[in-house]
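Subject: A structure for you to look at

Hi there,

Here is the structure I promised to pass on. Please open it alongside this email, and I will walk you through what turned up.

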Amino acid sequence: MIKVEAAHIEEVRGIHSLDIDFGRASFVVTGPNGSGKSGVIDAIEFALTGQIGRLMGRGTKGLTIGEHGPHVDKVNFPDAAFVRLRVFIPSLNKPATITRKLSAPNKPTIEPTDPDIIAALDEIADHPEITLARRDILRFVLVEPSKRSEEIQAILKLEEIGQTRAALSTALNKLQREHAIAGQGVSSNRGILQRHLKIETNALVDLLKAVNDKRAVLGLAALDELLPVTRLDLGLTDANKLAAFNKPSALRELDAVTEAVASLPGLVSHDCATIVNGLARLEDDPKLFAALQSRELVEKGLELVDGPSCPLCDHPWPDESHLLGHLRTKLEKSQDAGALQQALLKSGLTVAGYVDNVLALLRHVHRLARSESDNACMDSIASWGRELGEFKAEMGRFDGLLGLKHRLASDWYRLPSELASRIAALRDAINSKPDQSATVEAQTFLTTAQLRLEDYRAAMRAEEAARTASVAAKIGYDAYVAAMEGELNTLYSDIQADFSTYYRLVNEGDESEFTAKLTPTEGSLDLAVNFYERGMYPPAAFHSEGHQDGMGVCLYLALMKRLYGADFTIALLDDVVMSVDADHRRQFCKLLKTHFPNTQFIITTHDRLWARQMSTAGLVSAKTTLTFYNWSVDTGPLVESNTDIWHDIESALAHGKVDVAAAGLRRHMEYASWQLADELGAQTVFHADGKYELGELLPAVLRRGKELYGKAVDAAQSWGNEDAKRMAMDRKASLSAASGASGDEQWAVNQAVHHNAWANFGRKDFEPVVDAFRTLLKCFQCVECNSWFHVTDYEGKVDALRCTCGEVHFNLKLKPKG
């Protein structure tokens, strides 16, 4: 992977123009909420991957990089928005520059154009997981197991495992449904055969008895067994075989269809209601319906992907992985819709199975009507049969179900009004026929029985073929899942070990026996954690929200270690460190330094204390800390840079731009006063909106500074430390002198900024103003580490005034008396 050396951000998100020198080191951007910190993360992420995570995912419909990535003032000029990164590639020992415009996110400019450099940057473009935002943490912890499995497999680039399992599962479900339908066909044809034979069960002894009784009437040998090739009408010559009309059997068939028609209103009512309710839900949720409409198309697109061009619209992508990622994201968003679709199809197939049973009965009645030349009955049955056949076909397709809501909510079977009377008339006609002679009745009984048996045998063959396919699919699915779980168990065992180690380190002294267990099962991933040796539970069961957040960060780091190993050289952490409890943040710094010494962490935080802790722990330094103290749509982030601000002011004065120099000086003084008031504990009048003017903060800082130096003098004297006393007195005197000078010059800053009096100022007029304030701030700043002085406390009492590196350290604690 890479490390970032420097960045130039131009008109991206809330940033107008910003240059940052990262120096390949871990870096922190701090500032209050709304100061533009996350814009830095967005810019780096965009430069490296062509994506901005905050504009993607749930709740971002309608947001695009092209329209919403540029600064709001440049939305109509996206060409003006770009990011240029200077990076270093450790594996190649080569520097490179990548420039990416928001108007062309998939066409970065890379220099130099060495193939190995381009390959390295293309690889990182396929890894948006280098960015972890606060909103992402809990997707590893507080999600359902199936979602956790998807999220983690996506990070580990194992999506194909889940997709293959899902494809096998889909195939298995389809074959199992087909097996169920085939089973319904067997049941229907068995019922027809039993009804003809007038037997209650399908027992072989009952079947043979019914057949042999008729064969005895005809003087035919009894059948001792029923083999697959056995014919029930064996022995009847073609000359003796009569048309397959058997009056008692025909009457039973007509009674069966009459009963079936009468039961239609209550048939499959539950499944019909399920479908109607599901379709109503789609009508009430247009977004769900839209996701469902595109799901099948996206699934087909995933199957057809073969290169960087979309198989659905021919749109070119940077590479195949970007295209696959786009399609998988769309498919993920439609998961709820997919689950609803499967439920509706399942109910639809159940209804279709019952319809098939009715159609089987109608076919026999149609043959009876034809034998009686009852054209009116034949036409009614044929017409209704065609309609039911079309209805059955629609029930097996989701697109077909969409148009059947109203039909399923009422008389879905659409029974022709005249059919019942015509079937009754057909029955009367058959019933009025003379009873067949015993010989004729026996012959037609056997002939019809043979036809029914052939239908039954055909249904059983179809069911056996469907069963074989279903069993084979189940064996294949189970074998794949077993192999997948075996491999994933090994993989997750390593991850859970690292996860547990990291979490124990962060919570050292609190949960020293913490362990975690990741258990993969058929597309899900269960996570259980040890709660103070009381047992293994889901993270949300007993752990606090802060601990859950810490788990999310630790699990993320364990995943990144597994994915990259030694190549894990950069991570962008957007305000996620705030998720770690305040008491454990120093340990978190230790975790990053000891376990990831070669990784460049670019961190944003709104907690100034936490930023200072990172500096004290050595994770970052003053040179790798950038502070934003305010933001406006016109200026973008207002940046505090202790090293560059004076150079910028001097440069403006050198070009005669007193207004620019004055504005820069005032902004710097506003920031410095705000920072020092917090660092030193200066007291001022409280404002509920948190906004303070320079005229309020600076005097409070000066009073507090003089007070602290006075305390340092008193403390040194109580301990008999003359050197410390002298230094504290010198500091206090310097501060008094500098504050007097700056007070004399402060009017010039106000005039130059607020009253356009800068036109009357020249360079020579304003240089003393700059010198006065610069001298003043030096009274609160270390020349070695460039950090502001801050106070430390012990048991709630201030005990020292010091800098970050320790070069300046004034004791404020008096020697106890006695």
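Predicted model: local features only at pLDDT ≥ 70, side-chain atom pairs only at ≥ 80, totals over all residues.

Most of β4 is covered, with 6 of its 8 residues buried. Buried here means under 20% relative accessible area, exposed means over 50%, and partly exposed lies in between (1.4 Å probe, protein chains only).

Residues are numbered from 1 along each chain as its sequence is written, and side-chain values use heavy atoms, with hydrogens and water left out.

Back to β4. Strand β1 (residues 3–12) runs antiparallel to β4, and 7 bridges join them; two strands pair if DSSP finds at least two bridges between them. In this pairing, Glu-10 stands opposite Phe-82 of β4. β4 also pairs with strand β5 (residues 94–101), again in the antiparallel sense, over 8 bridges. There, Phe-88 faces Pro-95 in β5. The hairpin of β4 and β5 has 4 residues between the strands, and Asn-93 takes a positive phi near 55 degrees in it.

**The whole chain**

The chain has 25 helices and 17 strands. Of its 818 residues, 47% are buried. It exposes about 38,800 Å², of which carbon and sulfur atoms supply 51%; accessible areas come from the Shrake-Rupley method with a 1.4 Å probe, and for residues only the protein chains shown count as cover. Looking at contacts (heavy atoms within 4.5 Å), 68% of those between residues at least 6 apart in sequence join residues at least 24 apart.

**Two nonpolar cores**

In soluble globular proteins, nonpolar side chains tend to be buried together. A nonpolar core is a set of buried Ala, Val, Leu, Ile, Met, Phe, Trp, Tyr and Cys residues joined through side-chain atoms within 4.5 Å. The largest one here has 90 residues, and Leu-85, Phe-499 and Leu-557 have the most contacts inside it. Helix α16 (residues 438–506) gives the most to this core, with 13 residues. A second, separate core has 52 residues, including Ala-337, Leu-388, Met-395 and Leu-419.

What does Phe-499 touch, leaving out residues up to four places away in sequence? Its contacts are Phe-514, Ala-516, Leu-527, Val-529, Met-551, Cys-554, Leu-555 and Ala-558.

**A sheet of 3 strands**

There is also an open sheet of 3 strands, in the order β8-β9-β10, with antiparallel pairing. Its edge strands are β8 (516–521) and β10 (536–537), each of which pairs on one side only. β8 is joined to strand β9 (residues 524–530) by 6 bridges, and Thr-521 has Ser-524 in β9 as its bridge partner.

Tyr-532 sits in the loop between β9 and β10. Its phi is near 50 degrees, a positive value in a residue other than glycine. Tyr-532 counts as partly exposed because its relative accessibility is 28%.

**Other places to look**

Arg-414 is another residue other than glycine with a positive phi, near 50 degrees. You will find Arg-414 in the loop between α14 (405–408) and α15 (419–431). With a relative accessibility of 46%, Arg-414 counts as partly exposed.

The peptide bond from Glu-111 to Pro-112 is cis, with omega near -5 degrees. Pro-112 belongs to the loop between β6 (109–111) and α3 (115–125).

Leaving out residues up to four places away in sequence, His-790 touches Arg-612, Glu-679, Leu-680, Ala-800, Leu-801, Arg-802, Cys-803 and Thr-804.

**A patch on the surface**

Finally, Val-72, Val-75, Trp-631 and Val-633 form a nonpolar surface patch, with about 300 Å² of accessible area together. Patches are made of residues with over 30% relative accessible area and no salt bridge, with like charges joined within 9 Å and nonpolar side chains (Val, Leu, Ile, Met, Phe, Trp, Tyr) within 5 Å. A salt bridge is a side-chain nitrogen of Lys or Arg within 4 Å of a carboxyl oxygen of Asp or Glu. Val-75 lies in the loop between α2 (65–68) and β4 (82–89), and at 33% relative accessibility Val-75 counts as partly exposed.

Enjoy exploring!

Best wishes

Conventions:
Helix = DSSP H or I, 4+ residues; strand = E, 2+ residues; numbered from the N terminus.
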